[in-house]
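Subject: Structure handover

Hello,

Please find the structure below, followed by notes on what was found in it.

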Amino acid sequence: MKTENIRIERTKSYGHYRVTGTINGTEVSCITTDSEAFDYLNDDDYPEKQAAAQAHCEMVLVLTYENL
């Protein structure tokens, strides 16, 4: 599956983050409670943690896409 434009942002609910991205041309959005994904997705100083955050976000988006 082709995953693009992954973003993560805080929601109004404490400890919940909205992950959005495009999978196979379809905009997908879901909620995660993984605060490390929020902290490290765009942090180039920690490449290993950034890769883990990217993998987590891709996984939750793909799971959401498969359940549409």
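Helices (H or I, at least four residues) and strands (E, at least two) are DSSP runs, numbered from the N terminus. This is a predicted model, in which local features need pLDDT of at least 70 and side-chain atom pairs count only at pLDDT 80 or more, while totals for chains, interfaces and linings use all residues. Residues are numbered from 1 along each chain as its sequence is written, and side-chain values use heavy atoms, with hydrogens and water left out.

Helix α2

Helix α2 spans residues 47-66. It has 20 residues and reaches 28 Å from its first C-alpha to its last, close to the 28 Å expected at 1.5 Å a residue; the expected span is 1.5 Å times one less than the number of residues.

For accessibility, buried means under 20% relative accessible area, exposed over 50%, and partly exposed in between (1.4 Å probe, protein chains only). The buried residues in α2 are Ala53, His56, Cys57, Val60 and Leu61. They are on the same side of α2 because they cover an arc of only 125° around the axis, the arc being that of the directions from the helix axis to the C-beta atoms. On the face turned away from this buried side, α2 carries the exposed residues Pro47 and Glu48. The buried residues of α2 pack against β1 (3-10), β2 (17-23), β3 (26-32) and α1 (35-40); contact here means heavy atoms within 4.5 Å.

His56 is located in α2 and counts as buried because its relative accessibility is 17%. Leaving out residues up to four places away in sequence, His56 touches Thr32, Asp34 and Ala37.

Glu58 is also in α2, but counts as partly exposed because its relative accessibility is 29%. With residues up to four places away in sequence not counted, Glu58 touches Thr3 and Ile6. Glu58 and Asp39 are 19 residues apart in sequence, and their C-alpha atoms are 16 Å apart in space.

Nonpolar core

A nonpolar core is a set of buried Ala, Val, Leu, Ile, Met, Phe, Trp, Tyr and Cys residues joined through side-chain atoms within 4.5 Å. The largest one has 14 residues, and those with the most contacts inside it are Ile6, Ile8, Val19, Leu41, Cys57 and Leu61. At least two residues of this core come from each of β1, β2, β3, α1 and α2. The largest share, 4 residues, is supplied by α2. Leu41 touches Ile6, Arg7, Ile8, Glu36, Gln50, Ala53, Gln54 and Cys57, again not counting residues up to four places away in sequence.

Salt bridges

What does the structure hold in the way of salt bridges, and how many? There are 2 salt bridges, each defined as a side-chain nitrogen of Lys or Arg within 4 Å of a carboxyl oxygen of Asp or Glu.

Glu27 pairs with Arg7, the closest N and O atoms being 3.0 Å apart. This pair links distant parts of the chain, with Glu27 in strand β3 and Arg7 in strand β1, 20 residues apart. Glu27 counts as partly exposed because its relative accessibility is 48%, and Arg7 is partly exposed with a relative accessible area of 41%.

Lys2 pairs with Glu4, where the closest N and O atoms are 3.4 Å apart. Lys2 counts as exposed at 54% relative accessibility, whereas Glu4 is partly exposed with a relative accessible area of 34%.

Regards
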